[in-house]
Amino acid sequence: MSVTNVILPKLGLTMDEGRLVAWHKKEGDRVEKGEVLFEVETDKANMEIEASTSGIVRRILLPADASAPVATVIALIADTADEPLPADAPAGIAAESPLTRNGSPAPSKDVTPPPTRARLSLAETPPPPAGASVDGSDRVRSSPAARKRAQELGVDINGVRGTGPGGRVGLEDVEAAAASVSTSSASPSAAVGEKREPISRMRRAVGEAMTRSVRDAPQFSIARDVDMTAANAKRKAAGVSYTDVIVAAAATALRAHPRLRSRFDGDAVVVSEKIDVGLAVALEAGLIVPVLRDADRKALGTLRDEREALETAVRSGRARAEAFGGAAITVSNLGTFGVDRFTAIVNPPEASILAVGRVADRVIAVNGAPAVRPVVSLTLTVDHRVADGADAARYLADVAKGLET
C-alpha cells in the first residue's frame with residue numbers, strides 16, 4: 001500500500017504558478033488513472049489534468065480558486081480509504097494565501113511525476129445545458145475563477161453570456177462583460193471620447209512576454225521574397241493551406257541549423273534535438289501559441305489535421321497541456337489578413353520567429369524575362385545571443401529552397 005503525492009504540474013517553460021480552478025473529485029472519492037482529477041488555469045488556457053494513479057482521494061490540500069507555485073503538493077491519493085497517512089503528510093493550503101516556493105512542501109521520493117496530458121473533454125458527467133446550475137444553486141454555470149473575477153470587477157455573473165462548453169462562463173466572458181459595461185458608462189479616469197477597458201489575463205501575459213523579449217533579447221530581422229509556384233502546386237495536391245507548407249519548410253530546414261533551434265539560458269545555449277514548431281493563433285482575448293510536435297517528420301496532410309485540431313482546441317479554451325511550450329521556432333502568418341510583410345517579436349524562450357506575409361501575384365524576373373508568379377515575403381527575427389546574421393540567412397535560404405523546389 002502507498003500514498004501518492006499529487007503536485008501542481010508545470011505547463012510550459014514560463015509557468016511558475018497556477019490557479020486551481022476546480023476539483024473534479026472530492027475527498028473520499030475513488031479516482032482512476034487517466035480520469036480528470038482537477039482543472040488548472042494558466043495564462044494560456046484552462047487545462048484539465050488527469051490522475052496519474054488510481055486510488056482514493058484522501059486529502060485535498062489546495063482548494064479551488066487558490067494559486068500555488070508549480071510542483072506544490074496539492075492532494076494525496078492512497079490505495080485504500082482507511083490507510084494511515086504519513087505523519088509528515090503536507091498540511092492544507094489556504095485559498096487566500098498564495099504560497100511562496102520556499103513555503104511549499106518538499107517533494108518526497110514517491111512524488112507523482114507531473115501529469116503530462118490534460119483531457120480535451122470534461123469529466124464523465126455530461127455538462128448541464130447553457131444557463132443551468134452547477135451545484136443546484138441558481139447560479140449560471142461558471143468556473144470559480146470567473147466568479148471571483150466577476151466579484152473583483154463588480155459584474156453580475158448571472159447576466160454574463162458564457163461562451164464555454166455548455167454555455168459555461170469563463171474568465172474572458174467576465175472580462176468582456178466588464179469591458180462592455182465600461183464602454184457604456186463613463187469612467188472617472190477616462191477623458192471625454194475615450195473608453196477604459198480592463199486588461200484580460202491573456203493580454204497581460206502577452207504584454208509581459210513581449211516586453212521581456214524586447215528588453216532582454218537583442219533581436220535582428222532579415223527578409224526575402226519567395227516564389228511560391230512549386231509550393232502552391234504541393235499545397236493543392238495535398239489539400240492543405242499555405243501555412244501548412246510554410247510550417248513544413250521551416251521545420252525541415254531546421255534540421256541543418258542547430259543554432260536556429262537553440263535558446264539562450266543564462267550562461268549556456270541550449271540546443272533542441274526535437275523540431276517542434278509553434279503556431280501563432282490570434283484570439284479575441286490575445287495571442288496564443290500551440291505547438292506542432294515533430295513537424296519536420298510529418299506529411300502535409302498530417303500537419304494540416306494537427307493544426308486544425310490545435311486551432312479548434314485553443315479557440316474553445318480546451319487545449320491539452322502538451323499543446324504548449326518547447327517550440328524551436330514560431331510561425332506567424334498574417335497573410336490571411338492581407339498583410340504583405342511584417343516583423344514579429346521573438347516568443348521567449350524561443351530564439352526565432354518567422355513572419356509570413358500575403359501570397360500574391362507579382363511580376364518578377366524569370367530567366368531574364370518578366371513573369372507573373374505567386375510570391376510571399378518571409379521575415380525571420382532572431383535572438384542575436386544564439387545566432388548571427390549569416391546563420392539566419394543560410395537558414396532562410398533553405399526555407400526558401402524547400403518552398404521553391
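In the predicted model, residues 24 or more positions apart account for 64% of those contacts in the protein that have a separation of 6 or more. The secondary structure comprises 7 helices and 20 strands. Of the 405 residues of the protein, 47% count as buried. The accessible surface amounts to about 19,500 Å², and 52% of this area belongs to carbon and sulfur atoms.

Strand 1 is joined to strand 8 (residues 73-78) by 5 bridges, and the two strands run antiparallel. Within this pair, V6 stands opposite A75 of strand 8. Strand 8 is in turn joined to strand 6 by 4 bridges, again in an antiparallel arrangement, with V57 opposite I77 of strand 8. Strand 6 (residues 55-60) is connected to strand 3 by 2 bridges, and these strands also run antiparallel. Here R30 stands opposite I56 of strand 6. In a regular strand, the side chains alternate between the two faces of the sheet.

The loop between strand 7 (66-69) and strand 8 contains T72. The relative accessibility of T72 is 0%, and the residue therefore counts as buried, the cut-off for this class being under 20% relative accessible area. A polar atom of the T72 side chain lies 2.7 Å from the backbone oxygen of P69. This separation falls within the 3.5 Å limit applied to polar contacts.

A nonpolar patch on the surface is formed by F264, V269 and V271, which together have about 220 Å² of accessible area. One of these residues, V271, is found in strand 12 (residues 268-271). With a relative accessibility of 38%, V271 counts as partly exposed, because this class covers values between the limit of 20% for buried residues and that of 50% for exposed residues. The value of 38% for V271 also lies over the 30% relative accessible area required of residues in a patch.

Notes
Residues are numbered from 1 along each chain as its sequence is written. This is a predicted model: local features need pLDDT of at least 70, side-chain atom pairs count only at pLDDT 80 or more; totals for chains, interfaces and linings use all residues. Side-chain values use heavy atoms; hydrogens and water are left out. Two strands pair if DSSP finds at least two bridges between them. Patches are made of residues with over 30% relative accessible area and no salt bridge: like charges are joined within 9 Å, nonpolar side chains (Val, Leu, Ile, Met, Phe, Trp, Tyr) within 5 Å. Accessible areas come from the Shrake-Rupley method with a 1.4 Å probe; for residues, only the protein chains shown count as cover. A salt bridge is a side-chain nitrogen of Lys or Arg within 4 Å of a carboxyl oxygen of Asp or Glu. Buried means under 20% relative accessible area, exposed over 50%, partly exposed in between (1.4 Å probe, protein chains only). A polar contact is a pair of N or O atoms within 3.5 Å; within protein, one must be able to donate a hydrogen and the other to accept it, and residues adjacent in sequence count only if both atoms are side-chain atoms. Contact means heavy atoms within 4.5 Å.
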